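The sequence and the structure are shown first, and the description follows.

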Amino acid sequence: MKELKSGKVNLLDYTLNGLEEFFIQIGEPKFRAKQVFRWIHLNGASTFEVMSDVSKTLKAKLSEIAEIRVPQLISEHIASDGVVKWILEVGEGNKIETVYIPENERGTLCISSQVGCALECQFCSTGRQGFNRNLTAGEVVSQLWWANQSLGHTPKEEKIITNVVMMGMGEPLANYDNVVTAMKIMLDDNAYNLSKRKLTLSTSGMIPGIDRLKNDCPVSLAVSLHASNDEVRSEIIPLNKKYPIKELMAACSRYLSASPRDFITFEYVMLQNVNDKLQHARELIKIVGNMPCKFNLIPFNPFPNAGFESSSRDQILQFQKILRNAGFITTIRKTRGEDIDAACGQLVGKVNDKTKRQEKWRTIAIQQVSSK
Ligand code: SF4
């Protein structure tokens with residue numbers, strides 16, 4: 001039983017199976033767990049009071065030992081293109097970001113998995129904030145709960161959030177158990193009933209986690225590749241020193257055997273004079289070989305003291321052309337929510353820069369550029 005500081009357990013932390021076990025432990029029949037689970041996730045209940053088909057006695061009992069603890073809203077930012085970003089507090093001043101991106105036929109929610117991040121990718125605003133702690137399963141899934149509430153929707157109605165990407169603050173596979181629990185709740189048809197194809201986990205390349213995920217909860221996989229060789233990748237993603245590209249590609253190939261999609265998405269942030277040469281595009285073609293995959297080129301969204309510039313539009317188009325000519329579906333990510341700093345970690349980073357790395361990264365980046 002996972003207790004909060006209040007001494008109560010957070011029912012948002014439980015999958016339906018977990019909640020059934022909890023109810024059995026407290027001497028209640030299993031079916032009650034399903035009722036409560038549906039109230040929380042399908043109807044957006046945050047108190048036991050509203051659960052009209054739950055007896056007064058059970059409500060009183062639950063209130064003694066449990067709660068439905070959702071994050072506190074710090075601020076809401078709505079961009080001119082409809083993107084919404086929420087800064088949420090998960091206790092003790094720890095802030096996370098959740099972003100909703102509406103498009104014509106779908107609505108995508110980008111969810112955080114950690115407060116900050118320990119992986120220190122050099123181009124990432126979240127990486128600049130240092131690492132505070134993993135989010136609990138309840139704190140991960142409550143971002144979806146929150147977004148539905150805030151958008152005035154319950155999942156039992158027609159879905160407004162059709163897609164979820166684990167692509168916000170943090171490395172989801174570094175918080176494996178909690179993220180997998182949260183994703184199982186998102187997939188449950190007694191909760192958000194998301195399709196595995198429309199739930200995407202994005203990793204910077206934690207190979208053991210990729211292999212575990214294949215067996216535990218296969219969802220769509222995106223990999224933050226961002227470089228075509230180990231030399232550049234290790235510079236901008238330190239984790240690459242532990243899990244180099246060749247081994248990462250092998251893990252991606254293994255994942256495909258269980259993936260709900262028949263391809264891996266490779267994310268590639270376009271950093272001027274760092275990873276955007278046409279030679280890099282040709283290297284990419286070689287390293288992925290015959291693996292079914294798509295590339296998503298991301299114009300870098302600069303933030304103060306980033307030390308990197310985005311590649312020019314023309315350079316990105318030329319890069320894309322090489323990949324397309326080799327037969328790869330290659331998209332260029334639309335920049336959304338620019339007027340609210342919607343890129344990962346930017347808003348929290350404004351409030352909460354815990355590192356003094358800016359100068360160091362800027363120096364490294366300048367050295368890289370001048371040595372090319
Ligand atoms: S890109 Fe992702 S893994 Fe890398 S520092 Fe940022 S949040 Fe962490």
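## Overall organisation

Among contacts in the protein between residues at least 6 apart in sequence, 66% join residues at least 24 apart. The protein has 12 helices and 14 strands. Of its 372 residues, 57% count as buried.

The model is a predicted one. Its mean pLDDT is 90, and 89% of the residues reach 70 or more. Over residues 353-372 the pLDDT is below 50, and beyond near neighbours in sequence this stretch has 31 contacts in the model.

## Aspartate 13 and helix H1

Aspartate 13 is placed in the loop between strand E1 (9-10) and helix H1 (16-25). This residue counts as buried because its relative accessibility is 6%, under the 20% limit for that class. A polar atom of the aspartate 13 side chain lies 2.7 Å from the backbone nitrogen of glycine 138.

Just after H1, glycine 27 adopts a positive phi of about 80°.

The buried residues of H2 are Arg32, Ala33, Gln35, Val36, Phe37, Trp39, Ile40 and His41. These buried residues pack against H1, H3, helix H4 (137-150) and helix H5 (176-187).

Asparagine 190 is located in the loop between H5 and strand E10 (199-203). With a relative accessibility of 9%, asparagine 190 counts as buried. Its side chain is joined to that of arginine 38 by a polar contact of 2.7 Å. Leaving aside neighbours within four places in sequence, asparagine 190 is in contact with Leu16, Lys34, Phe37, Arg38, His41 and Leu42.

## The surroundings of the ligand

Which residues surround the ligand? They are Cys117, Leu119, Glu120, Cys121, Cys124, Gly127, Gly170 and Ser204. By class, this shell has four nonpolar, three polar and one charged residues.

One of the surrounding residues, glutamate 120, lies in the loop between strand E7 (114-116) and strand E8 (131-134). Although glutamate 120 is not a glycine, its phi is positive, at about 60°. The relative accessible area of glutamate 120 is 26%, so the residue is partly exposed.

## Asparagine 305 and helix H10

Asparagine 305 occupies the loop between strand E13 (293-299) and H10. Asparagine 305 is not a glycine, yet it has a positive phi of about 60°. Its relative accessibility of 41% makes asparagine 305 partly exposed.

Helix H10 (residues 313-325) includes lysine 321. Is lysine 321 buried or exposed? It counts as exposed because its relative accessibility is 54%, and the limit for that class is over 50%. The C-alpha atoms of lysine 321 and leucine 278 are separated by 9.6 Å, while the two residues are 43 residues apart along the chain.

Terms used
Residues are numbered from 1 along each chain as its sequence is written. Side-chain values use heavy atoms; hydrogens and water are left out. A residue is near a molecule or strand if one of its heavy atoms lies within 4 Å of it. Ala, Val, Leu, Ile, Met, Phe, Trp, Tyr, Cys and Pro count as nonpolar, Asp, Glu, Lys and Arg as charged, and the others, Gly among them, as polar. Helices (H or I, at least four residues) and strands (E, at least two) are DSSP runs, numbered from the N terminus. Buried means under 20% relative accessible area, exposed over 50%, partly exposed in between (1.4 Å probe, protein chains only). A polar contact is a pair of N or O atoms within 3.5 Å; within protein, one must be able to donate a hydrogen and the other to accept it, and residues adjacent in sequence count only if both atoms are side-chain atoms. pLDDT is the predictor's confidence in each residue, from 0 to 100. Contact means heavy atoms within 4.5 Å.
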